[in-house]
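The following questions and answers examine how the parts of one protein chain are arranged. Please keep the sequence and the structure in view while reading.

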Amino acid sequence: MKYYSTNGKAPLASLETAVVQGLAPDRGLYMPERIDRLPADFFQSMGEMTFHEVACRVASAYFGEDIAEKELREMVCDTLSFPIPLVRVREDIYSLELFHGPTLAFKDVGARFMARMLKHFNQETEVHVLVATSGDTGSAVANGFLGVKGIRVHVLYPKGKVSRIQECQFTTLGRNITALEVDGNFDDCQALVKSAFMDGELNSRLRLTSANSINVARLLPQSFYYFWALAQLHHLGIRENVVVCVPSGNFGNICSGLFAKRMGLPVSRFIAANNANTVFFDYLRSSRYEPRPSIPTLANAMDVGDPSNFARILELYGHSHSAICADISGCVSTDQQIAETMRQCYEETGYMLDPHGACGYRALTQGIREGETGIFLETAHPAKFLQVVNERVPAAKVTIPERLAAFMKGHKQTVPMSRDFADFKEYLLTLSK
């Protein structure tokens, strides 16, 4: 399988090149040259398959031409060492709980898979992984790569704009993980990472790659759990009129769902749930894409003003606004609506949402139609946003799981960093000496 750049000015790349480089030389995002539809018999039998069987079949469609079947199966099974259950919240709505992994967030899937794939391709040269985070990406990537020989991870995060628990998950690890506390917002962090990839001097002296969803090894494996969600519905006898709602920030998560749909997954449509950062929602309404500075909200991992994966969505739909709107609708939630949804859902159903899941649940309750079955992605454990949850829904009395508590006992280790690329470049160059 070859991979092309969304900017169309870079040569075709192998899977290894796309994974190790992360970003194409022309600053575009890599896309597979084709997306194969899976056969009808797979979907007919999916409801009787295990999670590993489903995921291995999808992984083979993506990577089977480049990685031997035995090695690919080992990557998948080692990555997916935790359950991803579909939980009924009300009669027509289910939560896909993506928070049962090591860092209690959906990004454990992509981060763990990428760590194993990068190790597969990188046997000799030290690789520096650059990752910008608005919350859960940093912890998932840091823990996914922790202790992996030959790989050093540098997590850039906006100072004062992630929850304390999230921060502890990547600032207390040490070893091959370095946290950089950037005096700016997530978009500044992402801009620093992208600029590093385009700097000739840096790339001549260091082998750089990214673990954000701009990297295909992070993005594509997230398709696994969309197939598993539908497989669980099929097991319940539900096979038609399924709508999936995805809390969306950098749009990697929903993009992987759209890849799944292109592969034949029977999802009728998607809903992109936004917080107050409405650049994609505004695009759906106006056909104009106008990036802007991000706005801090209760759902901080979705605080993105210029989502990178929008370029991939345009590619998937041939830059057709009408085609995108046919498959994706949008919904916006204010902080007040997020808080009200968390409280109302708990009071009515006993189910506790995190702020991001609340955006998804609210968008689904607003947008589901008669005869449809809805799935929303619960992307993180509520305890990762303990103060927000307990202040808005005190009756829930959410406590910190032991896995999270263990992170909070560690010593914070960070490198202060400005939003000036010259400072970040200087930091990276010191690593090459």
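Q: Over how many bridges do strand β10 and β11 pair in the parallel sense?
A: The model discussed here is predicted. In it, strand β10 covers residues 269–274, and alanine 273 has cysteine 331 in β11 as its bridge partner. The two strands pair in the parallel sense, and the number of bridges is five.

Q: Which residue in β10 is the bridge partner of valine 244?
A: Strand β9, residues 242–247, also pairs with β10 in the parallel sense, over five bridges. Within β10, the bridge partner of valine 244 is phenylalanine 270.

Q: Which are the edge strands of the open sheet formed by six strands?
A: The six strands follow the order β3-β4-β12-β9-β10-β11, and their pairing is mixed. An edge strand here pairs on one side only. The edge strands are β3 (86–90) and β11 (328–332).

Q: Which elements are included in what covers the buried residues of α13?
A: Helix α13 spans residues 279–286, and six of its eight residues are buried, so it is largely enclosed by the rest of the structure. The buried residues are Val279, Phe280, Phe281, Asp282, Tyr283 and Leu284. What covers them includes β10, α14 (310–316), α15 (321–327) and β11.

Q: Which strands stand at the edges of the open sheet formed by five strands?
A: The strands of this sheet follow the order β8-β5-β6-β7-β13, with parallel pairing. Each edge strand has a single partner strand, so one side of each is left without a neighbour in the sheet. The strands at the edges are β8 (207–210) and β13 (414–417).

Q: Which residue in β13 is the bridge partner of valine 182?
A: Strand β7, residues 177–182, pairs with β13 in the parallel sense over four bridges. In β13, the bridge partner of valine 182 is methionine 417.

Q: What angle does the direction of α8 make with that of β5?
A: Helix α8 packs on the sheet and touches β5 (127–132), β6 (151–158), β7 and β8. Between its direction and that of β5, the angle is about 150 degrees.

Q: Why is α8 described as oblique to α20?
A: Helix α8 (residues 186–197) and helix α20 (residues 421–430) pack with their axes 10 Å apart, at an angle of about 60 degrees. Roughly parallel requires an angle under 35 degrees, and roughly perpendicular one from 65 to 115. The angle between these helices therefore makes α8, relative to α20, oblique.

Q: How do the residues of the contact of α8 with α20 divide into nonpolar, polar and charged?
A: From α8, Leu192, Val193, Ser195 and Ala196 meet Phe421, Phe424 and Leu428 in α20. By class, these residues divide into six nonpolar, one polar and no charged.

Q: How many nonpolar residues has the contact of α3 with α11?
A: Helix α3 (residues 51–63) and helix α11 (residues 223–235) have axes that come within 9 Å and cross at roughly 135 degrees. Phe51, Val54, Ala55, Val58, Ala59 and Tyr62 of α3 make the contact with Ser223, Phe224, Phe227, Trp228 and Ala231 of α11. One residue of this contact is polar and none is charged, and the number of nonpolar residues is 10.

Q: What separates the C-alpha atoms of methionine 408 and glycine 252?
A: Methionine 408 lies in helix α19 (residues 402–408). Along the chain, methionine 408 and glycine 252 are 156 residues apart. Their C-alpha atoms are separated by 28 Å.

Conventions:
Residues are numbered from 1 along each chain as its sequence is written. This is a predicted model: local features need pLDDT of at least 70, side-chain atom pairs count only at pLDDT 80 or more; totals for chains, interfaces and linings use all residues. Side-chain values use heavy atoms; hydrogens and water are left out. Axes are lines fitted to C-alpha atoms, for helices over the stretch in contact, and angles run from 0 to 180 degrees between N-to-C directions. Angles under 35 degrees count as roughly parallel, over 145 as roughly antiparallel, 65 to 115 as roughly perpendicular and the rest as oblique. Contact means heavy atoms within 4.5 Å. Ala, Val, Leu, Ile, Met, Phe, Trp, Tyr, Cys and Pro count as nonpolar, Asp, Glu, Lys and Arg as charged, and the others, Gly among them, as polar. Two strands pair if DSSP finds at least two bridges between them. Buried means under 20% relative accessible area, exposed over 50%, partly exposed in between (1.4 Å probe, protein chains only).
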